[in-house]
Amino acid sequence: MSLPPFSAFLEEHRVVVYRFLAATVGRDHADDCFQETFLSALRAYPKLRPGANLRAWVLTIATRKAIDHGRRRGRAAVPMAEVPERAVAEAPDGEPELWRAVQELPPMQRAAVVHRYVLDLPYADVALALGCSEEAARASAHEARKKLRATLREER
Amino acid sequence: MNELKRLRVRDADRASAAAAALLAEEAERAGLLDVAFATAPSPFGDLLVATTRRGLVRLAYPNEPVDEVLTELSGSVSPRVLEAPGRLDEVRRELEEYFEGGRQRFDLRVDLSLTRGFTTRVLRAAARIPFGKVSTYREVAGRAGSPRGSRAAGNALGSNPIPIVVPCHRVLHTGGGLGGYTGGVERKRFLLSLEGAM
């Protein structure tokens with residue numbers, strides 16, 4: 001068994017990667033992170049062993065890109081005196097409150113909660129994507145859930 | 001947290017397809033596009049054409065399943081395979097001109113890395129047969145260094161990964177019989193008539 005051509009790999013996983021990115025970094029940044037994710041994947045692709053779990057692998061890369069993106073944005077936001085209220089117009093399909101609440105989570109928790117609840121991945125796969133233990137993945141998602149509930153309660 | 005499911009973008013299919021279509025260009029800039037493919041219209045239907053940095057590496061007739069052709073390229077050349085029509089503009093243009101009767105010679109570089117040894121030599125010999133002319137299996141075998149290998153030459157021509165551009169259709173039986181053809185004898189006849197050789 002050999003690796004599928006990259007074009008087939010891209011076709012098979014583009015939707016799940018896009019969904020993940022749109023929910024973690026926001027619609028406006030999803031396209032850039034998508035390119036970064038698949039370029040990194042393309043770079044490493046020939047060295048993958050055939051039979052690797054390609055979906056878990058590409059979601060790991062996407063997670064790293066989303067977390068890096070979150071950190072870059074976090075850092076960039078600090079020195080600005082006037083931070084314009086971030087346009088939450090990038091909410092995927094309405095739900096601006098929920099969207100804003102997810103966007104305010106720390107990057108790891110955000111990735112965990114999106115993998116688990118937006119993409120419906122089992123914790124074993126969430127752990128793979130986050131590069132942590134299953135227990136740590138559960139803990140991140142739990143923390144995130146607690147924060148989301150609190151935020152949403154406040155706003156209602 | 002069922003409400004989180006509402007964060008699923010509804011047009012993820014369309015949006016991701018648009019993003020995926022831009023990837024080939026980025027990949028090329030990063031030097032990561034090893035095999036670029038596209039389709040090219042022809043009187044036989046859409047051909048699949050694929051190129052490496054060295055040149056045209058594959059041309060497949062519509063009866064060859066695209067998945068299989070790409071899998072073969074992935075295994076034999078590189079798995080870094082992406083659809084990149086821009087990289088094949090010149091190939092498509094020359095093919096179009098050829099089928100319209102306005103082009104007698106392809107100015108394309110070819111990459112015969114899908115072939116080995118005798119097959120490569122036979123295809124190089126076939127590539128030198130000019131438009132409008134024909135040759136024979138025996139002659140081509142001789143030019144490839146094996147004067148008695150006309151049957152082997154026939155097999156080599158039958159496995160031509162770049163038909164039309166490497167004109168294996170210009171090779172006939174010594175007695176004038178049409179011989180076989182990868183894409184079916186009807187196509188061979190069509191190409192030879194187009195070139196005025198029949």
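Predicted model: local features only at pLDDT ≥ 70, side-chain atom pairs only at ≥ 80, totals over all residues.
Modeller: Residues are numbered from 1 along each chain as its sequence is written, and chains are lettered from A and ligands numbered from 1 in the order in which they are written.

Colleague: What secondary structure does chain A have?

Modeller: Chain A comes to 7 helices and 0 strands, because helices (H or I, at least four residues) and strands (E, at least two) are DSSP runs, numbered from the N terminus. The order is α-α-α-α-α-α-α.

Colleague: What makes a residue of chain A count as buried, and what percentage are buried?

Modeller: A residue is buried if 20 or more other C-beta atoms, placed from the backbone, lie within 10 Å of its own. Of the 156 residues in chain A, 42% are buried.

Colleague: How many residues does the contact take from chain B and from chain A?

Modeller: It takes 33 residues from chain B and 35 from chain A; two residues are in contact if their C-beta atoms, placed from the backbone, lie within 7 Å. Helix 1 of chain B gives the most to the chain B side, with 11 residues.

Colleague: Which domains does chain B have?

Modeller: Domain 1 (15-99) and domain 2 (117-194), with bounds from an automatic or database domain assignment. Their C-alpha centres lie 25 Å apart. The contact between them takes 6 residues from domain 1 of chain B and 7 from domain 2 of chain B.

Key: Buried ≥ 20, exposed ≤ 12 C-beta atoms within 10 Å, placed from the backbone.
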